[in-house]
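Visitor: I have the sequence and the model open. Let us walk through the terms and what stands behind them.

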Amino acid sequence: MKRTSTQRVTVRCLRSNQTDAERKLWLRLRNRGLSGAKFRRQSPIVNYVVDFCCLEHKLVVEVDGSQHAVDVSGDQKRTDFLRSRGFRVLRFWNHEVLTQLEDVLEQIERELRMPSP
């Protein structure tokens with residue numbers, strides 16, 4: 001997907017300011033580290049930038065902080081849009097990634113084994 005100049009700036013900023021949870025998960029997803037799946041981080045999909053995306057499996061993984069507890073309808077709108085584009089969306093809270101990383105990875109692996117929509 002071709003990025004606009006605004007998206008390039010946004011993506012660079014997000015990559016250089018990852019949360020601890022995003023950084024920890026990225027260390028396990030990068031370089032085909034999970035089931036050989038190629039993940040991208042801070043990847044634009046139309047007007048949204050998702051935390052992690054595996055295009056081959058049409059899987060988006062979002063890692064949410066406390067601000068997402070406030071904007072539930074915004075997250076649902078984003079999830080609905082991504083699903084309308086054929087993506088499956090997994091959401092995890094920061095504390096889940098930080099304290100239960102192996103469980104999070106197992107859930108992602110399970111989703112990768114399922115056929116793409």
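Visitor: Which pattern does the protein chain follow, read along the sequence?
Guide: The pattern is α-α-β-β-β-α-α-β-α-α. That comes from 6 helices and 4 strands. Keep in mind that this is a predicted model.

Visitor: What is the confidence of the prediction, as pLDDT?
Guide: The protein chain averages a pLDDT of 86, and 79% of the residues score at least 70. Among the elements, H6 has the highest mean, 97. Helix H3 (residues 67-70) has the lowest, 53. Local features need at least 70.

Visitor: What is the strand order in the open sheet?
Guide: The order is E1-E2-E3-E4, with mixed pairing. Neighbouring strands are turned by 45° against each other on average, direction ignored.

Visitor: Why are strand E1 and strand E4 called edge strands?
Guide: Because each pairs on one side only. E1 covers 40-45 and E4 covers 88-93.

Visitor: How do you know that E3 and E4 pair?
Guide: Pairing takes at least two bridges. Strand E3 (residues 59-64) is joined to E4 by 6 bridges, so the two strands count as paired. They run parallel. Glu62 stands opposite Arg91 in E4.

Visitor: Which helices lie across these strands?
Guide: Helix H2 (residues 20-29) lies across E1, strand E2 (48-54) and E3. H2 runs at about 35° to E2. Helix H6 (residues 101-113) lies across E2, E3 and E4. The angle between H6 and E4 is about 175°.

Visitor: Which residues does Leu25 touch beyond four places in sequence?
Guide: They include Phe52, Val61, Val63, Val97, Leu101, Val104, Leu105 and Ile108.

Visitor: How many residues of the whole chain count as buried?
Guide: Of the 117 residues, 40% do. The cut-off is under 20% relative accessible area.

Definitions and conventions. Residues numbered from 1 in each chain as written. Predicted model: local features only at pLDDT ≥ 70, side-chain atom pairs only at ≥ 80, totals over all residues. Heavy atoms only, no water. Axes fitted to C-alpha atoms, helices over the stretch in contact; angles between N-to-C directions. Contact = heavy atoms within 4.5 Å. Buried < 20%, exposed > 50% of the residue type's maximum accessible area, 1.4 Å probe, protein only. pLDDT = per-residue confidence, 0-100.
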